[in-house]
Amino acid sequence: MKHLKINLVTKFMVKLGKHGILHGHVAFLKKHFYLITMKEFLEDRKRMSKKVQAIYLWWHKPVIDQELLQSLPNLKVIANSGVGMDHLDLKLVASFGVKMANAPRAVSSSTADTGMALLLASARRLVEGYHIAMSSGMEYSEADFLGVEVTGATLGIIGMGSIGYKIALRAKAFEMNILYHNRTRRKEQEEQAVGTTYCEKIDGLLQRADFVMVVVSLTPQTHKLIGKREMELMKPTATLINISRGAVVDQEALVTALQTGVIRAAALDVTHPEPLPRDHTLLKLKNVIITPHLGIKTDKATYMITEEAVENILAALNGLPIPSEVLPS
């Protein structure tokens, strides 16, 4: 990448990885940019405000609001460390003439791996099995401690973007029958490559799938996309897996569905809010696996995210097409 000395507002804390960019990425960023931390910016806002040309968001920080945008007259681009942009008011940012970009290429494989890991862990009751194996009175596993078969089962993928498609590739290796629902249908050759069947209506997918995996962006249209009605369409033996955003699923309806046997189980890498309050019912149910938003958290994926962000920022500042530009809808 071409070296270009610019000003980049980031937010990284003294403690490694605490709501900010990872310390291991700082040296790479400094090869291309002059870094201004949020702490430095807030301490000398008047002098720093005109120097900032780009913001790199890591874990939704810093918060982008009208006050911040108004204080940065030379801001050209905001690069996000991930795919989801629901934490940004895209129209507000665009109204200031600021470009936006995300990092879809970097996150798709690691997020797809997380989805399959949750599917397998839930199907084979790995978390429950771990606690049984570690318990002080463990002598043997009960004969009726049974999971469900993955091979030959039907997986329904809601959202067939780059992540959804990579999940389908992985599911094919497990000899699963794959259904998908998406706003737009994939090309026939893409469907054939993973052996998937398109469901124009979400209802048909829900009724047929043994595992339903949600892989959509959070928008006003997808908020509580999976609610009481949708869960009641699912098989009582089905498992719901959410690796998108917590608010895509109606959590109160999910609690009821799990408690009353409307569905068998759930595996969630995302909740709303994150983390859940410590007394939340979901944390007390045995037929739920919850992980702390691990989707992209591998050393390789996080570094690739920063590389993709740098590529997007450099393109924007040089007046070139931004590889992963996000436009307001």
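Which residue's side chain meets that of Arg229 in a salt bridge? The partner is Glu230, with an N to O distance of 3.2 Å. The model is a predicted one, and the values below are computed from it.

Side chains of opposite charge can pair when their charged atoms come close. With a cut-off of within 4 Å between the nitrogen and the carboxyl oxygen, the count for this structure is 13 salt bridges.

| Pair | N to O distance |
|---|---|
| Lys99 and Glu325 | 3.7 Å |
| Arg185 and Glu191 | 2.7 Å |
| Arg229 and Glu230 | 3.2 Å |

The pair of Lys99 and Glu325 ties together parts that are 226 residues apart in sequence, because Lys99 lies in strand E5 (residues 99-101) and Glu325 in the segment after helix H13 (299-317). Lys99 is partly exposed, at 41% relative accessibility. Glu325 is also partly exposed, with a value of 32%.

Arg185 and Glu191 form another pair. Here Arg185 counts as exposed, since its relative accessibility is 54%, and Glu191 counts as buried at 7%.

In the pair of Arg229 and Glu230, the arginine, Arg229, is partly exposed with a relative accessible area of 43%. Glu230 has 13% relative accessibility and therefore counts as buried, the limit for that class being under 20%.

Salt bridges can also join into a network. In this structure, one such network links Arg105 with Glu308 and Glu311.

Methods:
Residues numbered from 1 in each chain as written. Predicted model: local features only at pLDDT ≥ 70, side-chain atom pairs only at ≥ 80, totals over all residues. Heavy atoms only, no water. Helix = DSSP H or I, 4+ residues; strand = E, 2+ residues; numbered from the N terminus. Buried < 20%, exposed > 50% of the residue type's maximum accessible area, 1.4 Å probe, protein only.
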